[in-house]
Amino acid sequence: MVDLAKIITRGRALFLAYDQGMEHGPSDFDDESVDPQNILELARDGGFNAVILQRGVAEKYYTGTEFSDKVPLILKLNGKTNLLTDEPYSPLLCTVLEARELGAAAVGYTLYVGSEHENEMLTDFSEIVREAHQIKMPVMAWMYPRGKAIEGQSIKELTAYAGRLGLELGADIVKIKYPENIENLSWAVQAAGRTKIVVSGGPKLPEEELLGLAKNVIAAGAIGMAVGRNIWQQKNPLDIALKLKDIILEGGENHG
Ligand code: FBP
């Protein structure tokens, strides 16, 4: 059994995503959020279940610092820039054992379901699951359907396929984009079985919409969210983090 207790509270989780510097470049950031130190302070003060980083940021701002025993780390093992527009492939940049040395409680991997490079990513991901599970480390898969092959296909079925693929491959948690409504998300949760589902935040929403989204995520049976821009791009990131936490943790297992 993997050790999920470090990153899940009463069956629920709110993760702070901060790998956008690689995936989108610094254009997502302002003067505050461009500094990883501020994000780690937010992760600690907001009581997030984990912060999601690439290895470089982890090495320089997390490992061996005041944060390493205050907020768990999910280390992303692969990544790419958004400068290339071909069928997406996200190469491995870090190993499971390096992640453990950096103090990670879990590892993350993005798999572009349906991409022409899907086979390579299925192989890379399976190797990660093998290595991580040997040391009881949980694996979270960002399952994002992309590429020409999926054009015109139903978002409901694609998202459920992404969730199911996570289960079939051995992912402990699958991160998906919100598939438009509660019914579609419920189907993806069902398809993923005992693999848990979290939903990503996406581009910045008005506060009420974001909180409504969090309510739908929980109503559909997902365990929570992994949010970046919708927290650190808000005027008061700590305030929104605490509101999201209230919604997500409310009604979790054994909640008193
Ligand atoms: P946001 O909450 O900011 O949307 O972050 C979620 C996330 O999955 C990040 O972990 C990742 O950097 C980004 O979205 C990738 O999004 P995309 O592939 O759609 O550009």
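How many nonpolar, polar and charged residues does the shell around the ligand have? By class, the shell has five nonpolar, six polar and six charged residues. Here Ala, Val, Leu, Ile, Met, Phe, Trp, Tyr, Cys and Pro count as nonpolar, Asp, Glu, Lys and Arg as charged, and the others, Gly among them, as polar. This is a predicted model: local features need pLDDT of at least 70, side-chain atom pairs count only at pLDDT 80 or more, and totals for chains, interfaces and linings use all residues. Residues are numbered from 1 along each chain as its sequence is written, and side-chain values use heavy atoms, with hydrogens and water left out.

**Around the ligand**

- The ligand is surrounded by 17 residues, each with a heavy atom within 4 Å of it.
- Asp19, His24, Tyr144, Lys177 and Arg229 are the closest.
- A polar side-chain atom of Lys177 is 2.7 Å from a ligand oxygen atom.
- In Arg229, a side-chain N or O atom also lies 2.7 Å from an oxygen atom of the ligand.
- Gly228 uses its backbone: an N or O atom there lies 2.8 Å from a ligand oxygen atom.
- On its own, the ligand has 480 Å² of accessible area (Shrake-Rupley method, 1.4 Å probe), and the protein covers 91% of that.

**The largest pocket**

- The ligand takes up the space of the largest pocket, with more than half of its atoms within 2 Å of the pocket's grid points.
- A pocket is an open set of points on a 1 Å grid over the protein atoms alone, where a 1.4 Å probe fits, with protein on both sides within 12 Å along at least five of seven lines.
- Its volume, the space filled by probe spheres set on the points, is about 380 Å³.
- The lining (residues with an atom within 4 Å of a point) has 24 residues.
- Glu23, His24, Tyr144, Arg146 and Lys177 lie nearest the centre.
- This lining has eight nonpolar, eight polar and eight charged residues.

**The second largest pocket**

- This pocket holds about 210 Å³ of space.
- Its lining includes Met1, His133, Asp172 and Arg194.
- By class, the lining has five nonpolar, three polar and two charged residues.

Note on methods
Polar contact = N/O pair within 3.5 Å; in protein donor to acceptor, adjacent residues only side chain to side chain.
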